[in-house]
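Hi everyone, thanks for coming.

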Amino acid sequence: MIKKQILLTSTALLLLSGPLLADSCSDTKLDFTFYGAKDKSYVVTKNTFKSIEIKGDKLEGATATIDLLSIDTSADLSNGKSKWPAMMVKIRDNNTINGLFKKFTKGDGKATAKITKVEEKSIDVEITMNGKTETLKMETKKEGKTTVATGTLDINKFAPEAFKNFAKLCSGFHKGFSHSEIDLILTIPETCK
């Protein structure tokens, strides 16, 4: 009788844990790099958002909803050969929120990204922001147990007037020039296939 209960309990636990063991894309990470100065010598890497909701069990069809107002630029405080003080993070985040994202004319301060096509060395990501949708082809490569996808997104395709406002606001910080192209990096876990 005890062996039968142990077997039933073990079977029930396996059945319940099945969804937890299934393929999942929810641990996919997004970060991006932006550039200032005409020669791109001002570089801020590893920027992300505090609020990203990723859904999907498979890579193709996986979607992310990003709260643009939750930007986090704290990972990189480099300023050429020196460092910005920690208080600069709040200034950078607020400049991006108020000078760019809150100047969007459509939407609710969110962006969505959906992987629409998966090929051997690339993925297509459909990005919707400020009421506009563009497809971005991102190159992929394996790095250990993850796949890293990289591509360049041009903010001007989504919000040229908002970006113009942002560039003017940040001119002093960005050595006189802000690049509208940002490099996106997706780090996709091996569970997302």
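So, threonine 140: leaving out residues up to four places away in sequence, this threonine touches Glu120, Lys121, Ser122, Ile123, Thr147, Val148 and Ala149. Keep in mind that this is a predicted model. Threonine 140 sits in strand S10, residues 132–143, and its side chain reaches the backbone nitrogen of serine 122 at 3.2 Å. Buried or exposed, then, this threonine 140? Its relative accessibility is 16%, so threonine 140 counts as buried.

Okay, on to the rings. There are 5 aromatic pairs in the structure. Take tryptophan 84 and phenylalanine 173: the ring centres are 5.9 Å apart and the planes are at 70°, so we call that pair edge-to-face. Tryptophan 84 is in the loop between strand S7 and H2, while phenylalanine 173 is in the loop between H3 and strand S12, so the pair ties together parts 89 residues apart in sequence. Tryptophan 84 is buried at 18% relative accessibility, whereas phenylalanine 173 is partly exposed at 28%.

Another edge-to-face pair is phenylalanine 101 with phenylalanine 104, at 5.7 Å centre to centre and 85° between the planes. Phenylalanine 101 is buried, at 8%, and phenylalanine 104 counts as buried too, at 12%. Ring pairs also link those two with Phe32 and Phe49 into a cluster.

Last stop, the helices. The axes of H2, residues 88–99, and H3, residues 160–169, come within 9 Å and cross at roughly 150°. That crossing is right-handed. Asn95, Thr96 and Gly99 from H2 meet Ala162, Asn165, Phe166 and Leu169 from H3. By type, that contact has 3 nonpolar residues, 4 polar and no charged.

Technical notes: Residues numbered from 1 in each chain as written. Predicted model: local features only at pLDDT ≥ 70, side-chain atom pairs only at ≥ 80, totals over all residues. Heavy atoms only, no water. Axes fitted to C-alpha atoms, helices over the stretch in contact; angles between N-to-C directions. Helix = DSSP H or I, 4+ residues; strand = E, 2+ residues; numbered from the N terminus. Left-handed = near helix turned anticlockwise from the far one by under 90°. Contact = heavy atoms within 4.5 Å. Nonpolar A, V, L, I, M, F, W, Y, C, P; charged D, E, K, R; others polar. Buried < 20%, exposed > 50% of the residue type's maximum accessible area, 1.4 Å probe, protein only. Polar contact = N/O pair within 3.5 Å; in protein donor to acceptor, adjacent residues only side chain to side chain. Phe/Tyr/Trp six-rings, centres within 6.5 Å; stacked < 30°, edge-to-face > 60°.
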